[in-house]
Amino acid sequence: MSNLHVSTHPLVKHKLTLLRSVSTEHKKFRELIRELAMLLGYEAMADLELKDCTVQTPLQLAPGHHLQEDVGLVPILRAGLGMVDGIHEMIPGAQVWHLGIYRDEKTLRPVSYYNKLPIEPTVQVCLVLDPMLATGGSATAAVEVLKNWGVRRIKFVGLIAAPEGIQAMTEAHPDIPLYLAAVDDHLNENGFIVPGLGDAGDRQFGTA
Ligand code: PRP
């Protein structure tokens with residue numbers, strides 16, 4: 001699948017293993033989410049467009065580059081929040097647009113509850129941030145919102161996906177690339193990714 005990018009970076013694999021561990025406490029868990037988001041965001045932004053420029057060094061003019069596109073970081077609340085800061089540090093000019101979407105516990109269908117996007121799109125590229133791609137309902141809904149907003153390029157940056165979520169995203173949005181740290185085995189009867197890492201929102205925010 002050409003739109004599926006599963007990181008092979010040793011740091012990603014190492015940090016993801018620590019993240020999965022049941023003995024990793026909330027503070028460390030948040031640190032790891034931030035670091036993994038940074039590493040995956042770096043991979044996801046490898047094709048950002050540049051424009052040529054010149055820069056005055058202490059010695060002379062040198063050729064350089066500026067980012068051409070305005071980038072939006074779009075965390076899906078709540079768990080996507082922890083992925084914002086690491087990426088935002090690398091690209092401080094990015095805009096952050098939050099989307100509130102939770103998954104109904106019984107139906108597993110996404111429920112949207114927060115969206116303050118202005119009428120006209122203000123960015124050309126959006127990174128949708130959510131550590132977990134389970135049924136794919138939340139990510140699919142978020143991408144739908146951004147497409148309707150009029151964003152030209154959208155990428156999904158997650159940490160762990162179930163095959164079911166990848167299939168749902170690929171069917172609904174075959175044009176959207178997925179950047180992940182791992183693809184796990186399956187979803188259990190409660191819609192949790194197995195082996196996964198549990199509930200990424202609860203583990204970040206201490207609300208289990
Ligand atoms: C979790 C997770 C994703 C979603 C994934 O959020 O952070 O947003 O479920 O599941 P899906 O692919 O089946 O839609 P949750 O609904 O638990 O909300 P929360 O982050 O506010 O706790």
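Begin by selecting Thr24, which is buried, with a relative accessible area of 14%; buried means under 20% relative accessible area, exposed over 50%, and partly exposed in between (1.4 Å probe, protein chains only). This is a predicted model, in which local features need pLDDT of at least 70 and side-chain atom pairs count only at pLDDT 80 or more, whereas totals for chains, interfaces and linings use all residues. Residues are numbered from 1 along each chain as its sequence is written, and side-chain values use heavy atoms, with hydrogens and water left out.

Thr24 lies in the loop between helix H1 (10-20) and helix H2 (26-44). Helices (H or I, at least four residues) and strands (E, at least two) are DSSP runs, numbered from the N terminus. Display the surroundings of Thr24: leaving out residues up to four places away in sequence, Thr24 touches Leu18, Phe29, Leu32 and Arg203, where contact means heavy atoms within 4.5 Å. Towards Leu18, the side chain of Thr24 reaches the backbone oxygen at 2.6 Å.

Next, select the ligand. Which pocket holds the ligand? The ligand sits in the largest pocket. A pocket is an open set of points on a 1 Å grid over the protein atoms alone, with protein on both sides within 12 Å along at least five of seven lines; a molecule sits in a pocket if more than half of its atoms lie within 2 Å of its grid points. Strand E6 (99-103), strand E9 (132-133) and H4 are the elements that give two or more residues to the shell around the ligand.

Now show the residues around the ligand, of which there are 13, the closest being Arg103, Asp130, Thr135, Gly136 and Ser138; the cut-off is a heavy atom within 4 Å. An N or O atom in the side chain of Ser138 is 2.6 Å from an oxygen atom of the ligand. A polar side-chain atom of Arg78 lies 2.8 Å from a ligand oxygen atom, and a backbone N or O atom of Ala79 lies 3.3 Å from one. The protein covers 88% of the 500 Å² of accessible area that the ligand has on its own (Shrake-Rupley method, 1.4 Å probe).

Finally, move along helix H4 (residues 137-149) to Lys147. Is Lys147 buried or partly exposed? Lys147 is partly exposed, with a relative accessible area of 30%. Beyond its neighbours within four places in sequence, Lys147 is in contact with Ile154, His173, Asp175 and Ile176. The side chains of Lys147 and Asp175 are joined by a polar contact of 2.9 Å, that is, a pair of N or O atoms within 3.5 Å, one able to donate a hydrogen and the other to accept it.

Terms used. 1 Å grid on protein atoms, 1.4 Å probe; cavity = no way out; pocket = protein on both sides within 12 Å on 5 of 7 lines; lining within 4 Å.
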